[in-house]
Amino acid sequence: MTDRTIRIAVQLAPQHADYGTIRDVVRRVEDLGTDVVFNWDHFFPLSGDPDGLHYEAWTMLAAIAEQTERIEFGPLVNCNSYRNPDLQADMARTVDHISAKGGTGRFIFGTGSGWFERDYTEYGYDFGTVGSRLDALAVDLPRIRARWEKLNPAPTRRIPILIGGGGERKTLRLVAEHADIWHSFSDPETLERKLGILDEHCAAVGRDRSEIEISTGVSIRGMGSLDPAVLEKQHALGVRLFEAPASGPDYDLGGLKALLAWRDSFGA
C-alpha cells in the first residue's frame, strides 16, 4: 500500500455547460498532468438549476476514450441499477478498447448502487431501498467479471473496479470482495475507523487489503479538504488517489491545481 504512487483525479460534472466546453476542459486537465478524469452517471444536475444542461455518462466516456491519449478515466460512479450487468460489462470492454489505441486501455469501471431518486423516477427505474440496491450490486459484480472473461475480444487489461461508498456492513464487504479501488469521502478520523472495518471484511474473504487502492474526494458538498495537513494525514493512512471536483459552466480547476502542486511537492 505504501509503495503506491500518489495519483490526482478530477471529477468533471457533466452539468450546466455545453459539450464543447466539457471536451475542452478534458483536454486541459490531461495537459495539466492529471492522472484520472471522472464524470458521473446521473441524468439531471446535482447542484444549481435542477433542470439545467446535463449529459449522459457512458456516451461521454466513449468520447473521452477517443479524445485522450494518456489519462485514465471512468464514471464516479456508474449506477448499477440502470443497465443489465452483462451490458455494463460489454460497454466497459468497448470503451476500454477505444481508449487503448493499439496498446493497453485506460478505463476504470467505477460503480455503485445508485442513490439519486429523481434519476429513477423520471427514467422509469424501480428505486427500491438502499439495501435492495446494494444487494443487486452484490449479485451483478460477479456477472460483470464473468462477462469480461467471455467477450471477444477480451478487455485489453484486467479492468480495475472502483466502488464508491462507505456503508460499513454491505458496501465495505463488496469492496473487500471485488474492488481494486475504494472511493470514500471521509475525514482522517472516519477514514481510519472505516479502514479498520475494511480490514475485517478483507480478512473474512481472505484478501490482503493492500491490493485495494484507497481514494478520497476533497471539497465537495462539505466533505473533504484541500488543507495540506489533512491530505498528509490521509496519505499516512494509505490514501493514494485524491479527487477534486469541477462543475460547469466554468469548470474552476483551482482545487485540481492545488492537488497537483501538493502531489509534485510531495515528490510523487
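What volume does the largest cavity have? In this predicted model, the volume of the largest cavity is about 30 Å³. The count of cavities of 30 Å³ or more comes to one. By class, seven of the lining residues are nonpolar and one is polar, while none is charged. Helix H1 (19-31), strand S2 and helix H2 (57-67) each contribute at least two residues to this lining. Rolling a probe the size of a water molecule over the atoms is what shows where empty space remains.

The largest pocket is a separate topic. The space in the largest pocket amounts to about 650 Å³. Its lining consists of 32 residues, and those nearest the centre of the pocket are Val 77, Trp 115, Gly 164, Gly 165 and Phe 185. Two or more lining residues come from each of strand S4 (78-79), helix H4 (117-123), helix H5 (130-150) and strand S7 (181-184). Of the elements, H5 gives the most to this lining, with four residues. The lining of the largest pocket comprises 15 nonpolar, 13 polar and four charged residues.

The strands of the chain are considered next. Nine strands make up an open sheet, in which the pairing is parallel and the order is S3-S2-S1-S9-S8-S7-S6-S5-S4. Strand S3 (72-75) and S4 are the edge strands, each of them pairing on one side only. Within the sheet, strand S1 (residues 7-13) pairs with strand S2 (residues 36-39) in the parallel sense, over three bridges. In this pair, Ala 9 stands opposite Val 36 of S2. Helix H7 (residues 188-205) packs on the sheet, where it touches S7, strand S8 (213-217) and strand S9 (239-247). The direction of H7 makes about 145 degrees with that of S7. Helix H3 (residues 85-100) lies across S3, S4 and strand S5 (109-112), and runs at about 155 degrees to S5.

Some loop residues have backbone geometry to be noted. Most peptide bonds are trans, and most residues other than glycine have a negative phi. The peptide bond from Leu 76 to Val 77 is cis, with omega near -5 degrees. Val 77 is placed in the loop between S3 and S4, and it is also one of the residues nearest the centre of the largest pocket. A cis peptide bond also runs from Asn 152 to Pro 153, with omega near 5 degrees. Pro 153 is located in the loop between H5 and strand S6 (161-164). His 16, a residue other than glycine, has a positive phi, near 65 degrees. The loop between S1 and H1 holds His 16.

In the UniProt record, an unreviewed entry, residues 13-218 are listed as "domain: Luciferase-like".

Methods:
Residues are numbered from 1 along each chain as its sequence is written. This is a predicted model: local features need pLDDT of at least 70, side-chain atom pairs count only at pLDDT 80 or more; totals for chains, interfaces and linings use all residues. Side-chain values use heavy atoms; hydrogens and water are left out. On a 1 Å grid over the protein atoms alone, a cavity is a set of points where a 1.4 Å probe fits but cannot get out, and a pocket is an open set with protein on both sides within 12 Å along at least five of seven lines; lining residues have an atom within 4 Å of a point. Grid points are joined across faces, edges and corners, and a volume is the space filled by probe spheres set on the points. Ala, Val, Leu, Ile, Met, Phe, Trp, Tyr, Cys and Pro count as nonpolar, Asp, Glu, Lys and Arg as charged, and the others, Gly among them, as polar. Two strands pair if DSSP finds at least two bridges between them. Contact means heavy atoms within 4.5 Å. Axes are lines fitted to C-alpha atoms, for helices over the stretch in contact, and angles run from 0 to 180 degrees between N-to-C directions. UniProt positions are given in the numbering used here, feature names are shortened, and annotations may be inferred rather than shown by experiment.
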